[in-house]
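Welcome, and thanks for taking a look at this protein.

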Amino acid sequence: MRSIARRPYISTGGEALALFIGLRNVASRQLRLCTQCRSNSTDSKSTSISIDGKSYIKDTWHNLSPSISSSISQRLHIQKDHPICITRSIIESRFPAPTYKYHNTFFPVVSTHQNFDSLGFPADHPGRSKTDTYYVNEKTVLRTHTSAHQADVFRANESEGFLISADVYRRDAIDRSHYPVFHQMEGARMWDRRKVPNGDIAAAVWKDVEALPKHEMKVEDPNPPTHPERNPLQEGHSLEEAEAIAAHLKRSLELMVVEIFSHAKKAAIASSPDYVDEPLKVRWIEAYFPFTSPSWELEIFWQGDWLEVLGCGVVKQDIMEKAGVPSQLGWAFGIGLERMAMLLFEIPDIRLFWSKDERFLSQFRGLSDNLEGLKRFVPFSKYPACYKDVAFWLRSTSSAAGGGQGGGQDIHENDIMEIVRDIGGDVVEDVIKVDEFTHPKTGRKSFCYRINYRSLERTLTNEEANEFHERVREALVEKLGVELR
Ligand code: FA5
Ligand code: MG
């Protein structure tokens, strides 16, 4: 377990997905019960759904819960003075226009082609499963990452580089650094063989690396730039090209981290003048994505553990070819904006980003216009936790939390998480499996989950927690057919 994003996660389906496409942070998230569902509407009987004024036909693939539908399009990344918006603009400052063109308003509903096929996900890739992705219908999803727009922006070919910030959606488990709606920033930078002097990409990229500022931050990077099995060089790229592109990518992202932490340090000093700076620990690790090779993730040591903040790599050349720009080579990355904002402001819980509480929002007011006033977040209070367990038998043929392998009933842990989310909303802090048992004679499986009910805004009474918990128990029986113990 290398980061808080990698707590033990027992869904084998999820883990397979996670390891394969780099969506390794399959711990958890949950939903607020939204009070401002204006235009997005769905009900289980209706045959269509309206999302931000656009109508979509529902089919058997449709799996948007009412709470996820109602949370679409809040676009925290463009809400002035919101910490996600402030974090976005600090990162953008390291990727200046006109080299980088900014795209901040792409629509969240995309085709499965955009989200998966255009990026080379195989047809049977677990990332496409209904347990991990929100489907509007068979061919349409809520984007699970900003990479869904990569190919289109490469095809438009309007700039040497770009940044795409947007809300993204994933079905997942529940904890403090995961949420079913979060924000990512995609970045890319290309060099064109036909435009660089003598067609020498490596030389042109190194020249651009030299033009980037240097930094003093210590970075662990123990692996070679490419590795034949673990992190292969692409056919058609020379080692010199890949090394130069990797150097530009890593330096650019390290400078982004330095920028965030220089603001974080100023904020810490503004909050407590006797603050003692601790050296920042940052490391590159090898990764895998179907659309980059070689690939890496960047982790930052935070609050006693490694936190993964981004994935990146050298863009697969067939993506450029299919986008009609075969002579271009370059890099791409995808950053979790919540994660960076948590580091910047010391925000302890990802649910807070959705808070409408003045005690939260007022702490960031004015910052979009003047970053000088940036301070660390002051938690308003830590309200008591209320733990409740639910234990149940699966139907005898089922294989719970196994993504469906083993035959029989199809229960995936994400289905359990979604039931809890839909009932408890932001009152649930986390959900963990605390026990698993197979009956020695019947072979029947039993699970016990511990749900932590804790509001960020007030003390929850035991009666209220009991009421949520009772509804969770009933829904587990009704929707998953389990037998309570
Ligand atoms: C991706 O989504 C890739 N599209 C990133 C990428 C882009 C790779 C371009 C290569 C080239 P991943 O699933 O690891 O990768 O997510 C990227 C980041 O999003 C993570 O490092 C993390 O910071 C953030 N993230 C992922 N899941 C969650 C979540 N549930 N809640 C909050 N942040 C999350
Ligand atoms: Mg990842």
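Helix α7 and helix α9 (residues 337-345) pack at an angle of about 35°, with their axes 8 Å apart. Axes here are lines fitted to C-alpha atoms, for helices over the stretch in contact, and angles run from 0 to 180 degrees between N-to-C directions. This is a predicted model, in which local features need pLDDT of at least 70, side-chain atom pairs count only at pLDDT 80 or more, and totals for chains, interfaces and linings use all residues. Residues are numbered from 1 along each chain as its sequence is written, chains are lettered from A and ligands numbered from 1 in the order in which they are written, and side-chain values use heavy atoms, with hydrogens and water left out.

**The whole protein**

- The protein has 12 helices and 17 strands; helices (H or I, at least four residues) and strands (E, at least two) are DSSP runs, numbered from the N terminus.
- Of its 485 residues, 57% count as buried. Buried means under 20% relative accessible area, exposed means over 50%, and partly exposed lies in between (1.4 Å probe, protein chains only).
- Among contacts between residues at least 6 apart in sequence, 72% join residues at least 24 apart; a contact means heavy atoms within 4.5 Å.

**Helix α7 and its two partners**

- On the α9 side, M256, I260, F261, H263 and A264 in α7 meet M340, L343 and L344 in α9.
- The residues of this contact of α7 with α9 divide into seven nonpolar, one polar and no charged. In this scheme Ala, Val, Leu, Ile, Met, Phe, Trp, Tyr, Cys and Pro count as nonpolar, Asp, Glu, Lys and Arg as charged, and the others, Gly among them, as polar.
- The other partner is helix α6 (residues 201-211): its axis and that of α7 (residues 239-271) come within 8 Å and cross at roughly 20°.
- That angle makes α6 roughly parallel to α7 (angles under 35 degrees count as roughly parallel, over 145 as roughly antiparallel, 65 to 115 as roughly perpendicular and the rest as oblique).
- The crossing of α6 and α7 is left-handed, a term for a near helix turned anticlockwise from the far one by less than a right angle, with right-handed used if it is clockwise.
- From α6, the contact is made by I201, A202, V205, W206, D208 and V209, and from α7 by E240, E241, E243, A244, I245, A247, H248 and R251.
- By class, the contact of α6 with α7 has eight nonpolar, one polar and five charged residues.

**Backbone features to look for**

- Most residues other than glycine have a negative phi, and most peptide bonds are trans. The following places are worth a look with that in mind.
- A cis peptide bond joins A97 and P98, with omega about 0°; P98 is found in the loop between α3 (83-92) and β3 (100-103).
- The bond from S293 to P294 is also cis, with omega near -5°, and P294 is in strand β11 (residues 292-302).
- D52 is not a glycine, yet its phi is positive, at about 50°. D52 lies in the loop between β1 (48-51) and β2 (54-57) and, at 26% relative accessibility, counts as partly exposed.
- Q303 has a positive phi near 50° and is likewise not a glycine. Q303 sits in the loop between β11 and β12 (305-315) and is exposed, with a relative accessible area of 54%.

**Around helix α4**

- T112 lies in helix α4 and is buried, with a relative accessible area of 10%.
- Not counting residues up to four places away in sequence, T112 touches D117, Y135, E138, K139, T140 and V141.
- S118 is found in the loop between α4 (112-115) and β5 (135-137), and at 14% relative accessibility S118 counts as buried.
- The side chain of S118 reaches the backbone oxygen of Q114 at 2.9 Å. This is a polar contact, meaning a pair of N or O atoms within 3.5 Å; within protein, one must be able to donate a hydrogen and the other to accept it, and residues adjacent in sequence count only if both atoms are side-chain atoms.
- S118 also touches H113, A151 and I319, again not counting residues up to four places away in sequence.

**A look at E464**

- E464 is in helix α12 (residues 462-480) and is partly exposed, with a relative accessible area of 24%.
- Leaving aside neighbours within four places in sequence, E464 is in contact with R458 and T459.
- The side chains of E464 and R458 make a polar contact at 3.0 Å.
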